[in-house]
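Me: Hi! Could you walk me through this model with me asking quick questions as we go?

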Amino acid sequence: MSEVVAAPRAQRASARAVVWYLRAVGCLNLLGAVSVSFREQVRHHSVGDFYTPYLLTAGFTSGAFALLMAVMMNRHKRAAWVANLVFCSLLLADLVVALATRQQVRAHAFNWGTGVVTLLVVLAMLVGRREFRAKGDQANPRLAAVVLVGGGAVSLLLGTLLVGATNTEAGATLGDRVHYVLLRAVTLGFSSSQDLYIDVPRWVDVSINVLILGVLLLVLYALFRSPKGREFLGAEDEQRLRVLLERHGERDSLGYFALRRDKSVIFSPSGKAAITYRVLGGVSLASGDPIGDVEAWPGAIEAWLRQAREHAWVPAVTGASEEGGIVYARHGLDALELGDEAIVEVADFTLEGRSMRGVRQAHNKVRRAGYNVLLRRHADIGEAEMETLVRRADQWRDGQTERGFSMALGRLGDPADGQCVMLECRDGDGELRALLSFVPWGVEGLSLDLMRRDRESDNGLLEFMVIELLQGADQLGIKRVSLNFAVFRAVFERGSKLGAGPFLRAWRSVLVFFSRWWQIESLYRANAKYRPQWEPRYVLFERTRDLPRISLVNACAEGFISAPRLPSLFGRRRRGTAAAHQPVLERAA
């Protein structure tokens, strides 16, 4: 077919027209599946000398197929564009041949209308072809073929057995039953032109159609799923990030968490800035601010967004600071406040004063019980001793689920993390009862990575350790410490004050309710006692309608829920995120 040249505006309009056509056809097909009168109309115009427009045939399978194609085309999938163009062109060619050679077909004005509509769809796809540039995973066609063959064979077998068990007419052969199942797999709207000697209840037709629909959904998912991203953080990438952190690590307290090894990284063209991210559920989820020179941030952001569009990923950022959020916003992302990070300036911290009386008393109580704290860098801890600390941290983890992404390093005791700081708390008998680990925040700062304690130890142990760190930070040259992140802190603070509106009070009540299972309010209360500076953190996104999807992916990345996944039959094995003995450790207590 001849190449069509169009302006960018016409290309976008044509692409949108194809998407809306597929949406409309999908809805009509579903309507035909549940409406007898409409289904009969479609059936009347789908047999004999009649042709219906592209994909218009009543049934759940055809409706779901059209709607899923609309979704994939809306995500600019190149494979979906190729599939629709080939199918639609074949239908158009068949119709043109029929109009040219068969008088009965030319006699129906409906067929000419079908020809015009189908031709317009083909032209719209050709005009808007440059809009469909998103790549798929190279393993998708093979995985889809396996799902199609395996699922199709099982569905055909079950459908044939179901038809044979419920058929009330005699004379149907095995071939007739298979033919009938294949017919019902496509549509509920018309029957074969030959007598198959089959009469089954209506629910059998619907069951076969829905069964094939399930297989179709799996095939389409396998065929059009987004790539999972490049290999995880490698040794060379990690070294480049460490160089950037040495030069610019003081900008963001979450910067060191970019070294988490289940993330991928993309650098700016100059190599002076980078963004670390993870692809999950079709979302490219970056965490924190870009790493490196702030003047090179735009280059890294543009490269990351370009990569996301190339693979049809939804770009999103979690835990960005206000400075980083402003730069992201200049590139088309919108911001929503996620919560606040508690930062304590060592020079300003004191236990004196009436407001600190409760904290002071709790600290003195733990001290009188005989507990003491040892503060040192990871590099100063021997290998055998570190293995013991890692084993204890693993034993004290709350539950089997490993948590952490944006504010957790994901490993403990790696020789490369020698500048991290470990706090060990022991009782009067010298028994280890709790430990804290902090990652570097530039040269003069620390950022909390993990908190672990023996469940049988005294209450207030972790608070005692934090105070000991703040009071003894001078020996390591530490001037500021980033503690836990409090989600929706402003809601708890403002929602409890006089004059809070009904919506704010209701939202606070919801958060308090969910705090029974997740540490939402308790983290805010635990950090507020140190009278920190609250630094807001933001989630950034392109489209508001993507927020539910981004929230779900963020929860999966942080380990709060587990994401379902198909078995990777043909996928390449990726490098592990860390050594097997290094547990992923959560930032919260």
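**Salt bridges and packing**

Reply: Happy to. Glu 431 forms a salt bridge with Arg 392, with the closest N and O atoms 3.0 Å apart. A salt bridge here is a side-chain nitrogen of Lys or Arg within 4 Å of a carboxyl oxygen of Asp or Glu.

Me: Where do Glu 431 and Arg 392 lie?

Reply: Glu 431 lies in the loop between S8 and strand S9 (432-441), and Arg 392 in helix H14 (residues 383-395), so the pair ties together parts that are 39 residues apart in sequence. Helices (H or I, at least four residues) and strands (E, at least two) are DSSP runs, numbered from the N terminus.

Me: Before we go on, what kind of model is this, and how are residues numbered?

Reply: This is a predicted model, where local features need pLDDT of at least 70, side-chain atom pairs count only at pLDDT 80 or more, and totals for chains, interfaces and linings use all residues. Residues are numbered from 1 along each chain as its sequence is written, and side-chain values use heavy atoms, with hydrogens and water left out.

Me: Thanks. Is Glu 431 buried, partly exposed or exposed?

Reply: Glu 431 is partly exposed, with a relative accessible area of 34%. Arg 392 is partly exposed too, at 22%. The cut-offs are under 20% relative accessible area for buried and over 50% for exposed, with partly exposed in between (1.4 Å probe, protein chains only).

Me: How many salt bridges are there by this rule?

Reply: The count comes to 24 salt bridges. In one of them, the side chains of Glu 424 and Arg 376 meet at 2.8 Å, N to O. Glu 424 lies in strand S8 (residues 421-426) and Arg 376 in strand S7 (residues 372-377), so this pair ties together parts that are 48 residues apart in sequence.

Me: And are Glu 424 and Arg 376 buried or exposed?

Reply: Both are buried. For Glu 424 the relative accessible area is 0%. Glu 424 also meets Arg 426 in a salt bridge (3.2 Å, N to O), and Arg 426 counts as partly exposed at 25% relative accessibility.

Me: Nice. Which residues are linked in a network of salt bridges?

Reply: Glu 238, Arg 242, Arg 261, Arg 411, Asp 414 and Asp 417 are linked that way.

Me: Changing topic: at what angle do H3 and H4 pack?

Reply: Helix H3 (residues 60-74) and helix H4 (residues 78-101) pack at about 135°, and their axes are 9 Å apart. Those axes are lines fitted to C-alpha atoms, for helices over the stretch in contact, and angles run from 0 to 180 degrees between N-to-C directions. H3 and H4 are therefore oblique to each other. Angles under 35 degrees count as roughly parallel, over 145 as roughly antiparallel, 65 to 115 as roughly perpendicular and the rest as oblique.

Me: Which residues meet there?

Reply: On the H3 side they are Phe 65, Met 69, Met 72 and Met 73, which meet Ala 80, Trp 81, Ala 83, Asn 84 and Phe 87 in H4. Contact means heavy atoms within 4.5 Å.

Me: What about the loop between H3 and H4?

Reply: His 76 sits in that loop. Although not a glycine, His 76 has a positive phi of about 65°, and the residue is partly exposed, with a relative accessible area of 32%.

Me: And what is the phi of Ala 312?

Reply: Ala 312 has a positive phi of about 60°, although not a glycine. Ala 312 is found in the loop between helix H11 (297-310) and strand S5 (314-320), and is buried, with a relative accessible area of 11%.

Me: Now Leu 470. What is it in contact with?

Reply: Leaving aside neighbours within four places in sequence, Leu 470 is in contact with Val 344, Val 346, Phe 349 and Val 481. Leu 470 is in helix H15 (residues 461-472) and counts as buried at 3% relative accessibility.

Me: Last one: how many helices and strands are there in the protein?

Reply: There are 19 helices and twelve strands. Buried residues make up 51% of the 589 residues.
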